[in-house]
Amino acid sequence: MSVSVPSTTSIRRAPGSEPLLASGDLAPAGHFINGAFQPGSGPARQVIDPCTGETIASVADGTVEEVDAAVAAALAAKDAWGRLVPKERSEILHRIADRLAENAELLARLESANCGKPSMVSEDDVAGTIDTFRFMAGALRATTSMAAGEYAQDHLSLILREPLGVVGVVTPWNYPLLMAAWKIAPILAAGNTLVLKPSEQTPLTTLKFAELVADILPAGVFNVVAGAGSVVGSRLSEHPNVDMIALTGSVRSGRAVARGAAESLKRVHLELGGKAPVVVFADAELAAAAESLRAAGYWNSGQECGAGCRVLVHESVASAFTDLLVKEVGTLVVGEPGAGSDVEIGPLTSKEHFERVLGYLERAQAQGIRAALGGGAIEGPGYFVAPTVLVDVPDGAECSREEIFGPVVTVETFSDEAEAIARANDVPFGLAASVWTNDARRSHSVASKLDFGTVWVNSHLVLANEVPWGGFKGSGYGRDLSVYALDDYSRTKHVMHHQSR
Ligand code: NAD
């Protein structure tokens, strides 16, 4: 493939005089249990600014005893919360949305400070968080079940939708507030109480959320215990009084949670990793596909489970498409969150993850895979990786099968439709995919054969609260967003009355 290589190699730094956080922006550093913050008895864990590697806060790791106290509080609160009529719960969710909207700017700054997210990403996360609460506040009043009726002679059947009880939630570091909202809103809407463990790297917005809603939610309805997955997450998975465990995270953590839940046979809801193929046929609008991937492959620095990170392009247009993609990606603005509203790419969220992504890039290049753009770290403090396009990627290469979770898109070629479908499906994940074509038959038939929970046609990474999000295969099971999430966090009871006794 012939590609020119514009290279983004510099990091735009924020003016030193304007720190992102002021004293008083942070919530109390502790656990939020039964409506109040507690200092936490476990060892303190440093929260790091990924732009500089410096510590911005420290939060105590939770212990098993603290999880047990939070579960006890959620258990004590569940009957009263579950008995509220839909209108009452809906009004409370709307009040939460209003409170978040009043504090949107602060929440976005906190998320940027903790994750290194460009302000456009943090602001989008907060807007999505608010909309999730508004959607669930409305949807919970409109949920229906099968009509009551006489389905057996002389018997009247009523179908009741009930809360599950106490839900344990474990969230990741890539969208700390948004992923928390995707769980909290439907779980509360369906009448459950919950205990949430944020990622140990990114607890700040979740704790702030707790502080902001403390006077809105009754004590015990929503609890946060920060800390390690192997301690707090594991205890939530195993806890006999937790009725369901919901995790957004890696496949490895998903397996651990499912194993932990097995003994008590609690329900499990898993939103795991992805490796979204982007199948570009020869008749596609190549410029539109390249422009779309500029965002869909690199949004949130590629730390996005639905990112369009694996291009499969027809061999006849591969060179032209790669040229367009490299030109698009070469214009991405890399910088610190405080360096301007036009910054599009920030650092990776942690040093550990930065090293993991660089490892993938080094191994790919050692295998003869060429970086048409980027290919490594950007010099300077912080965990910045250059927006990268890897080309000449052979079938089955590690970089095209495993989730790199950084600003890296790989390009492979195919010869015909059957091969494109088979290769797109040949990954352990099944979260999201896209197909690019102007052929109406192909747009339907290829989408129906792609084994992914979301398939976009001539688009990628567009989400809405009304439609479900979740995966197949190694990407887990259960659905976030939409009324399907409300179903997942409810149980169905059939009550049958004899009509004449
Ligand atoms: P991770 O699995 O390392 O951590 C996720 C959470 O699981 C953290 O809170 C962690 O402490 C916890 N955890 C770890 N071990 C645990 C255990 N044994 N028991 C219980 N909890 C445990 O994932 P991450 O690196 O924070 O997030 C990135 C991953 O999340 C990627 O794989 C990404 O694709 C996935 N993700 C998926 C979606 C989706 O909607 N499908 C959305 C966002 C992120």
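The structure is a predicted model, in which local features need pLDDT of at least 70 and side-chain atom pairs count only at pLDDT 80 or more, while totals for chains, interfaces and linings use all residues. Residues are numbered from 1 along each chain as its sequence is written, and side-chain values use heavy atoms, with hydrogens and water left out.

**Exercise 1.** Classify the aromatic pair formed by Phe-209 and Phe-222, and then the pair formed by Phe-354 and Tyr-383.

*Solution.* Rings of Phe, Tyr and Trp (its six-membered ring) pair if their centres lie within 6.5 Å, and planes under 30 degrees apart count as stacked, over 60 as edge-to-face and the rest as tilted. The structure holds eight such aromatic pairs. For Phe-209 and Phe-222, the centres are 5.2 Å apart and the planes stand at 85°, an edge-to-face pair. Phe-209 belongs to helix α6 (residues 204–213) and Phe-222 to strand β9 (residues 222–224), 13 residues apart; helices (H or I, at least four residues) and strands (E, at least two) are DSSP runs, numbered from the N terminus. The rings of Phe-354 and Tyr-383 have centres 5.7 Å apart and planes at 40°, so this pair is tilted.

**Exercise 2.** Describe the lining of the second largest pocket by residue class.

*Solution.* On a 1 Å grid over the protein atoms alone, a pocket is an open set of points where a 1.4 Å probe fits, with protein on both sides within 12 Å along at least five of seven lines, and lining residues have an atom within 4 Å of a point. Among the 17 lining residues, Glu-18, Pro-19, Leu-20, Asp-49 and Thr-52 are the closest to the centre of the second largest pocket. The lining divides into nine nonpolar, four polar and four charged residues, where Ala, Val, Leu, Ile, Met, Phe, Trp, Tyr, Cys and Pro count as nonpolar, Asp, Glu, Lys and Arg as charged, and the others, Gly among them, as polar. Strand β4 (residues 54–60) gives the most to this lining, with three residues.

**Exercise 3.** Decide whether Ser-482 is buried or exposed, and do likewise for Lys-473.

*Solution.* Most residues other than glycine have a negative phi. Ser-482, in helix α15 (residues 482–488), has a positive phi of about 70°, and Lys-473, in strand β20 (residues 472–473), has a positive phi of about 50°. Buried means under 20% relative accessible area, exposed over 50% and partly exposed in between (1.4 Å probe, protein chains only). At 0%, Ser-482 is therefore buried, whereas Lys-473, at 37%, counts as partly exposed.
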